[in-house]
Amino acid sequence: MYDFSYHRPTSLQDAVSLLAKQPDAKPMSGGMSLLPSMKLRLSKWTDVVDLAAIPDLSGIREEAGHIIIGARTRHVEVATSALLHAKLPALAELAEGIGDPLVRNRGTIGGSIANADPAADYPSSVVALDATIITTRREIAADAFFTGLFETALAHDELITAVRYKIPKRAAYMKFRHPASRYAIVGAFVAQMEGAVRVAITGAGPHVFRIAAYEDALTKTFSSAALDGVTPKLPSLNTDLHASADYRAHAVVEMVRRAVKAAAARKSI
Amino acid sequence: MPQVTMQVNGRSVSGEVEARTLLVQFLREHLELTGTHVGCDTTQCGCCTVHVDGVGIKSCTMLALACEGANITTIEGLAKGDVLHPMQSAFSEHHGLQCGFCTPGMIMSAIDMVNRKGHALDETTVRKELEGNICRCTGYHNIVKAVQAGAAAMKGA
């Protein structure tokens, strides 16, 4: 790892101004992706701004029919939240499948979303549940947030403070995980929202994407049989040492099918 | 160079470190607490597991400076004098090791597991919860037995 200057601000304002001053400064939440990439010298920063000492950034609460999760809420807290198990179990299950217990003890939802790893789990939930990303500057709609491979709509000196999720009637997340890294080779988050179904895929393309043909079919009839005969139009998919684009295209269909079955088996909220 | 102060195994320690110094390097190279091992150095194998403020983490993926003011427990901090921690005893009794390299991490992770999941752990739970710890001797069978026995023994301790 290349050396850097370490900062531990105690307020969001201080964190933002540190980032604004240095073009190569990087915010760190749990550090579960940032530190490994720095250790491998895949990334290099002059300054690391550790967000750990900033108060009031974690916690899970229900407010006006939404679930609001603070950016520094750790995966273990999402996975074990009684509120989520009652209102949004699909999200708790997604968190339970990230990395391993020791990683879940440190990694945070805001960090994962800001990092926008193409194989990360959380981005699929953000898009499928039509969530809103709340930042130090504004609110960003899910469909406008993920813009490319590790790219988001966030400005350099803009920090996520919370994620506001809509509560679906039913939802489920299914992933075909890499057995060693537990990252999604393909992950499908299917959510039956008020009035429409949303289907978001992670792991398969450069960033999370939706499948309109599936959403239309499932909005009419929410069952895996509704997918029969529907040919999804997929974007260009990733090929890497784990899976080819063709393999991923097949896995997309299968993961959506499994997620629909799992969601349909749930009691509607 | 920046200075860091933390509690390690109940003792207040300070040191000058580079910002990039990892917690595991601080423990091993500055404090000479070499019971915490480095296996993969890529957050996968769990040999470097320690507890930070009571929570199990991989110390190869945490900065020493991020532990300012924190309370760290390493494998060296578990025994009370000559009396082993119940999880250590269980690994000994059930021979939960072959070469032993992964053992410190396994034990620290197992205690974190008990803290999160309680004392009655079935085999499936233990195997799933050990996903973050790799035994390259593949001696998992006895490790699982040791964790179950240690978890039960911690209840009485």
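Ala141(A) is partly exposed, because 13 other C-beta atoms lie within 10 Å. On this scale a residue is buried if 20 or more other C-beta atoms lie within 10 Å of its own, exposed if 12 or fewer, and partly exposed in between, with C-beta atoms placed from the backbone. The model is predicted: local features need pLDDT of at least 70, side-chain atom pairs count only at pLDDT 80 or more, and totals for chains, interfaces and linings use all residues. Residues are numbered from 1 along each chain as its sequence is written, and chains are lettered from A and ligands numbered from 1 in the order in which they are written.

Ala141(A) belongs to strand β7 (residues 139-141) of chain A. Helices (H or I, at least four residues) and strands (E, at least two) are DSSP runs, numbered from the N terminus. Between Ala141(A) and Ala131(A) there are 10 residues in sequence, and their C-alpha atoms are 6.6 Å apart in space.

Chain A also holds an open sheet of 3 strands, in the order β1-β3-β2, with parallel pairing. Its edge strands are β1 (5-7) and β2 (25-28) of chain A, each of which pairs on one side only. From one strand to the next the twist averages 20°. Strands count as paired if DSSP finds at least two bridges between them. β1(A) and β3 (residues 47-50) of chain A run parallel and are joined by 3 bridges. Opposite His7(A) stands Val49(A) of β3(A).

In chain B, strand β1 (residues 3-8) has alternating side chains. β1(B) pairs with β2 (residues 11-16) of chain B in the antiparallel sense, over 6 bridges. Here Gln7(B) has Ser12(B) as its bridge partner. The two strands, β1(B) and β2(B), form a hairpin with 2 residues between them, and Asn9(B) in the turn has a positive phi of about 50°. β1(B) also pairs with β5 (residues 71-73) of chain B, in the parallel sense, over 2 bridges. In β5(B), Asn71(B) stands opposite Gln7(B).

Another hairpin of chain B is formed by β3(B) and β4(B), with 2 residues between them. Asp53(B) in this turn has a positive phi of about 50°. The strands, β3 (residues 49-52) and β4 (residues 55-58) of chain B, run antiparallel and are joined by 4 bridges. Val52(B) has Val55(B) as its bridge partner.

Helix α2 (residues 86-93) of chain B has buried residues Pro86(B), Met87(B), Gln88(B), Ala90(B) and Phe91(B). Their cover includes α3 (103-117) and α5 (140-156) of chain B. His95(B), with a positive phi near 50°, follows α2(B).

α3(B) and α5(B) pack at an angle of about 50°, with their axes 10 Å apart. α3(B) is therefore oblique to α5(B). Axes are lines fitted to C-alpha atoms, for helices over the stretch in contact, and angles run from 0 to 180 degrees between N-to-C directions. Angles under 35 degrees count as roughly parallel, over 145 as roughly antiparallel, 65 to 115 as roughly perpendicular and the rest as oblique. Residues are in contact if their C-beta atoms, placed from the backbone, lie within 7 Å.

How values were computed:
Two residues are in contact if their C-beta atoms, placed from the backbone, lie within 7 Å.
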